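Hi there,

Here is the structure I promised to pass on. Have a look at it first, and then read my notes below.

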Amino acid sequence: MRQVLRAVQVRIKYEESDAFPALGTKRMLEYLKSHNWCISRCDVPMIAKKLKLDHNIPLFKYYYTKLVVWMPHLQFGHMPCCINCKDNNKVGVPGYPSHHVW
C-alpha cells in the first residue's frame with residue numbers, strides 16, 4: 001500500500017508542478033476527478049501498472065482497499081476553514097510531506 005500511496009502522491013505533485021509539460025495529459029488528476037477522488041480496490045493494479053510499480057504482487061486483490069485522495073484546493077477550489085477561528089487565511093496548500101506516507 002505504501003508504494004501505491006507514495007507513487008500517487010508523487011504523480012499528483014508532478015502534475016500540479018510547473019515542470020509538467022503544457023501539452024501533457026494529467027492522467028492521474030483526470031482519473032481522480034472522474035472517480036470522485038477515489039481509487040477503488042479493483043483499479044489499484046491498473047493504477048500501479050501505469051505508475052510503473054510491480055503490479056503482479058498477489059496481495060493486490062486481497063490487501064488493498066479504496067484509496068481516497070483529499071486535495072481540497074483541487075476538489076473544491078479553496079482550502080477549508082479552520083474549525084476554531086472559522087477562517088482559512090492561515091490554511092495552506094499541501095506541502096507533500098513524506099512522513100505522512102507510512
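First, the ground rules. This is a predicted model, in which local features need pLDDT of at least 70 and side-chain atom pairs count only at pLDDT 80 or more, while totals for chains, interfaces and linings use all residues. Residues are numbered from 1 along each chain as its sequence is written, and side-chain values use heavy atoms, with hydrogens and water left out.

The protein has five helices and two strands, in the order α-α-β-α-α-β-α from the N terminus. These are DSSP runs numbered from the N terminus (helices: H or I, at least four residues; strands: E, at least two). Of its 102 residues, 29% are buried, meaning under 20% relative accessible area; exposed means over 50%, and partly exposed lies in between (1.4 Å probe, protein chains only).

Helix H2 spans residues 27–34, and its buried residues are Met28, Leu29, Tyr31 and Leu32. They sit on the same side of H2 because they cover an arc of only 160 degrees around the axis, taken from the directions from the helix axis to the C-beta atoms. Their packing partners are helix H1 (2–16), strand E1 (38–39), helix H3 (44–50) and helix H5 (72–75). Exposed Lys33 and Ser34 lie on the face turned away from the buried side of H2. Just after H2, Asn36 has a positive phi of about 60 degrees.

As for the cysteines, Cys38 is buried at 15% relative accessibility, whereas Cys42 is exposed at 64%.

Best wishes

Notes:
Contact = heavy atoms within 4.5 Å.
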